[in-house]
Amino acid sequence: MTRNDPEIQAIVAAIRRLYRIVYHDAIQASRGHGLTSSQSAALRMLFKTGPLSSAELSRRLHVTPSNMTGVIDRLEKKRLVDRVPDRADRRIALITLTDVGLKLGRDLPDPIENKLASRLDNLDPEEIREYRLAIERILDLIEDPEGRSAPAGDP
């Protein structure tokens, strides 16, 4: 046991608490719409950014490309997205929201990110910077050396 052990345990416990809060918020936001949290996240991202390739969507949502393919397949079956050939590169399909997907993307509840952003916005810029640096340091400690985080997505 090191002299830092209680502090290390507190950090690990806080990260687990954060994970539970984010996880439960995502479930709550998605449940009323018959979507998984990954499907909801994909819809929100497409609503925010417009059409994206599957690869770009997986990068932005920090999920594996194979996981993203499954999420897109299920959204396509629900008629919420379409795969449309990219005019600039026909090898790439852009994932676009259908009219129903666009309406649902607009109606999805605000994710936890919006709650956090609005509260952080009330803080001093230097305090925000300190939080960002601390979180980045923690992520550097837990990510693998190649920068990949653990895959997330639908089971």
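The structure, a predicted model, holds 1 aromatic pair, where rings of Phe, Tyr and Trp (its six-membered ring) pair if their centres lie within 6.5 Å. Y19 and Y23 form this pair, with 6.1 Å centre to centre and 15° between the planes. The pair is stacked, the class for planes under 30 degrees apart, as against edge-to-face for over 60 and tilted for the rest. Y19 and Y23 are about one helical turn apart because they lie 4 residues from each other in helix α1 (residues 5–31); helices are DSSP runs of H or I with at least four residues, strands are runs of E with at least two, and both are numbered from the N terminus. Y19 is exposed at a relative accessible area of 56%, whereas Y23 is partly exposed at 40%. Here buried means under 20% relative accessible area, exposed over 50%, and partly exposed in between (1.4 Å probe, protein chains only).

Residues are numbered from 1 along each chain as its sequence is written. Local features need pLDDT of at least 70 and side-chain atom pairs pLDDT 80 or more, while totals for chains, interfaces and linings use all residues, and side-chain values use heavy atoms, without hydrogens and water.

Helix α2 (residues 37–49) has 13 residues and spans 18 Å from its first C-alpha to its last, close to the expected 18 Å; the expected span is 1.5 Å times one less than the number of residues. Among the buried residues of α2 are S38, Q39, A42 and L43. G50, which follows α2, has a positive phi near 90°.

Two packed helices are described by the angle between their axes and the distance between the axes. The axes of α2 and α4 come within 10 Å and cross at roughly 80°, these axes being lines fitted to C-alpha atoms over the stretch in contact, with angles from 0 to 180 degrees between N-to-C directions. The two helices, α2 and α4, are therefore roughly perpendicular, the class for 65 to 115 degrees. S38, Q39, A42 and L43 of α2 make the contact with M68, V71, R74 and L75 of α4, contact meaning heavy atoms within 4.5 Å.

Helix α4 (residues 65–77) also lies across β2 and β3, at about 110° to β2. These strands belong to an open sheet of 3 strands, ordered β1-β3-β2 with antiparallel pairing; two strands pair if DSSP finds at least two bridges between them. The edge strands, β1 (52–53) and β2 (81–85), each pair on one side only. Between β2 and β3 (residues 93–97) there are 5 bridges, and D82 has T96 of β3 as its bridge partner.

Notes
Parallel < 35°, antiparallel > 145°, perpendicular 65-115°, else oblique.
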